[in-house]
Amino acid sequence: MQEVLQYLFSGLTNGAIYAVIAVGFSMLYSATDLINFAHGEFVMLGSLFLVTLWGAWQIPLPIAFLLTVACVALTGLLFERFAIRTVRKPQPIVLVIITVGASIFLRGVAMILWGKDAYSLPPFSNQPPLELAGATLLIQSVWIIVISLLLVFGLHLFYRRTLTGKAMQATAISKRAAWITGIPAGLMVLLAFVMSTGVGAVAGMIIAPVTMCSYDMGTLLGLKGFCAAMLGGIGSLWGALLGGILLGVLEALGVGLISSALKDGVAFILLLLILYFRPGGLIGAAESARF
Amino acid sequence: MKQRQSLPRKAMWITILTLTGCLIGTSLFALPALAEEKYTIGGIFAVTGRASFLGDPEKRSMELAAEEVNKNGGIDGKMVETVIYDTEGDPTKAVMGVSKLLNKDRAITIIGPSTTPTTLAVMPMAERAETPLISCAAGNKITQPVKPWVFKTAQSDILAVAAIYQHMKEKGIKKVGLLTVSNAFGESGREQLREQADQFGIQVVQDENFGAKDTDMTAQLTKIRSADPDAIVCWGTNPGPAVVAKNVQQLKIEVPLYQSHGVASPKFIELAGDSAEGIYLPTGKILVADLLPDSDPQKPVLKEYIQKYTEKYKMPVSGFGGYAYDAMKILARAMEGAGGDKAKIRENLETMKEYVGVSGAFNFTKEDHNGLGPDAFVMVQIRNGNWKLVE
Amino acid sequence: MRRLPPIGHIIFILAVLLTGFLIENTYYFQLLVFVGIHTLLALGLNMLMGYAGQISLGHAAFYGIGAYTTAILTATYGFSPWAALPCAVLLASAVAYVVGLPTLKLSGYYLGMGTLGFGMIGFIVFREWSSLTGGSSGFVGIPPLEIGPVSFYSGRSYFFLVWTVVLGIIILCRRLIDSRTGRALRSIHDSEKASRAIGVDTMALKLRVFVFSAAVAALAGFLYAHFVTFISPGTFDFLASVRMVTMVVIGGMASVWGALLGAFLLTLLPEWLHAFSEFEMVVYGLILMGVMIVLPRGLFRGLLDVFEGAREQTAKRSGGVNGR
């Protein structure tokens, strides 16, 4: 029993990380119909910027946090302006390959700027791990879970309560129709990029203390985030959250109850089964683009 | 209509022209090495990619050693030239790189690759080309069974495992839980850990693994904990094992944690922070050069290497660059008087005795192409953020 | 139009023969062998992506199935490679059929996800079934190919072998494209619903193309395994699948010659970029993005367009009005 609880805690921690990354994928997809395969690299940038700003330059955490989001979001903005916007015939597959190129590019830049070594950061607050019925949970994990929930809830409010959010949703439904009603659709797409990469940066920062940050950490995280987003139903915020946590918990239980060698295998087989029975993900069934 | 017809034909021409362009482009880079007054020694390391923590210092160390050889007048008066390619840890790229070294750069010997799979991939090529290859990878599949043209300077996992189990035996540890990384390094370690356990009266009670880039290993550790081992052995390379160390601390697992020589670098202490306290690991003597008794024959070699490396590259020395440094130095000695004859170099390598290098004292024989004995490893413990020799 | 393919093939054969006899250095032969193997991968995937409009992010698994099947049969059980070849291709096809049946019902990114999941599972099987596959350290001792007294050991003979196979597959692909099946395929690419409405059994067709592309990938795996004589799971991971997709898109979808170009570029590019050392990844990423931004229809179509544009301009300048 104690073990199962520990597996759940472990799964929740990882799951919350996957969820935040999945939210980034989902947000961008809902506004632009695009899967950004460089998203994991923005997560990596978030981690590494925090390593520099907070770890090396000793800037107070809240300021460093905001600065990091700003830096990464700026990178996202430049990415949209120079790489995505300039494509003349934006077919989905072409954009996907551009994001693949961007991920290699960003990894290369990070390797030059931060070197090939890994970095680690102290937790956000220095308290002993929580104990519950013999299972332990790091305070940083609590941070991760709380921040990801807040983030998803905040985004939910943004979409439902603010004019900008509604305008963005309108753009997501039909770019042209939104444009006709006077919504600056191009700006909305840009905003979606900025927000999605910003969310990616947040994911990178909150996991920095529990894991090690290096220039090549993004690929796997991006992959897991993509899986979580698809599992939950791409384009849906709550779906991303659900998908992420489900993936994390499945992995942890796979390790605990079956075998750690087959950890990823177990998770992926279940993912496939879910997809076969619900081809549009758990929540939401947006008709997705063809190639 | 006419134009439509000719369109695909033009396409064909464009394809052909582009491909020809590609070929010409490639051959431009292929200017043959002119000078025969020097020896070309090829290096092939994982300079970037997942195993860059091995390949990067190895590349630097090889260049450093070659520079030294040249400063001392070269080999039989001929200078040494190094040509180094990057494998990125990818067997296909390693094969291409070695092919380039053999066929284009006409290297007479090759140092590298850095990892076990890349080495296994290029070994047949070295055999076929009858060119000595000195690998810097740890896996024992490389020199067992012995291939005539393949040598290696990195300590085998066999020795590392033996060092750990010997220490456990002395401490009276009977049951161990294993946690190994799911790549070639972890797999090779895991095989040895399981194979040698019986000889030391140790029982493996739980055997788990983790992905090299995983962010959390508490699930595996929880499972190991429930099997109630006397000690845990983690086998991996940075940064995974640092996460394991943190998770062990988080789960308040009290039994001793052993790591492999794969984390033997100051980086590990930096990454794991205070959770590194008390961890045991086997390492080549390079990490503890200052702590060695003066009677140790390796001490002057280590000091010299460390001093030169830090001077040249302005960065701390890693535990892995020494493999390439030793390889280069050993080669230089084997090439003396061989006149560039590959068979003779091979002969000299196989009969080399008592070469004291960074990774230990090498004694190559026909049956042993690694040449290191159990004294290549020492057990250290991390105390107060520093290494401490275990007696 | 109908007379054209043979001309292309003749030029292709001439080009292969010329390079085969002009080049002396084994290194270039080895490089071109890899280009050939990658071309096969791109050709197979191109049928699926370019003509049937279905994406696969897990094709490296079929590549791996081909390689591992022949490795295990020849090295462990002592089969002749030529007996192992049909087994490898059949196994990959069978797996593709079983996997494709439920997966191809998905569409768009969900299909991408489904195939990705399959690719990951394949990779994990190669890595973890170590009693059979040698695990992460890899599989050693795969015998080289031989036909009677001819051993495909030297670079040149293997070069000719691989490019003969490439030519065969190119002809096969063209035949398929120009057939009734090919037309039906293109209709799926344009609109699956519409083609279903006019009576095309879209599911069966998609499945057939999926199986075909898997078989070609397995063939490439077979050639890879016997060329390098060593395989390890890393060669067949997720990034390998992405690289295959990139080759197809960069070269130009729905074009046999595009696949060839894409494979050429993506295999040779890293070799050229060695000069950049630390900046290699940066430059590689930039080139990838740049090609897609400037030539979104891929190199082949893109260069064609540029060529056409230049021709039109000269035509205009020389006074040739009403050219079209």
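The legends below walk through close-up views of a predicted model.

Some notes before you zoom in: residues are numbered from 1 along each chain as its sequence is written, while chains are lettered from A and ligands numbered from 1 in the order in which they are written. In this predicted model local features need pLDDT of at least 70, side-chain atom pairs count only at pLDDT 80 or more, and totals for chains, interfaces and linings use all residues, with side-chain values based on heavy atoms and with hydrogens and water left out.

**View 1. Helices H5 and H8 of chain A pack against each other.** Here H5(A) (residues 139-161) and H8(A) (residues 185-207) have axes that come within 9 Å and cross at roughly 165°. Helices (H or I, at least four residues) and strands (E, at least two) are DSSP runs, numbered from the N terminus; axes are lines fitted to C-alpha atoms, for helices over the stretch in contact, and angles run from 0 to 180 degrees between N-to-C directions. The two helices are therefore roughly antiparallel, a term for angles over 145 degrees. On the H5(A) side, look for contact residues including Ile144(A), Leu151(A) and Phe158(A), and on the H8(A) side for Met195(A) and Val202(A), among others (contact means heavy atoms within 4.5 Å). By class, this contact has 10 nonpolar, 1 polar and no charged residues. Ala, Val, Leu, Ile, Met, Phe, Trp, Tyr, Cys and Pro count as nonpolar, Asp, Glu, Lys and Arg as charged, and the others, Gly among them, as polar.

**View 2. Chain C meets chain A.** In this view, 47 residues of chain C touch 57 residues of chain A. About 4400 Å² is buried between the chains, with carbon and sulfur atoms giving 76%; buried area is the accessible area (1.4 Å probe) that two parts lose on being put together, summed over both.

**View 3. A salt bridge joins Lys116(A) to Glu278(C).** Their side chains meet at 3.6 Å, N to O. A salt bridge is a side-chain nitrogen of Lys or Arg within 4 Å of a carboxyl oxygen of Asp or Glu, and the count between chain C and chain A is 1.

**View 4. Glu208(B) and Lys223(B) form a salt bridge in chain B.** The N to O distance is 3.5 Å. Glu208(B) sits in strand E7 (residues 203-210) and Lys223(B) in helix H7 (residues 218-226), 15 residues apart.

How values were computed
Parallel < 35°, antiparallel > 145°, perpendicular 65-115°, else oblique.
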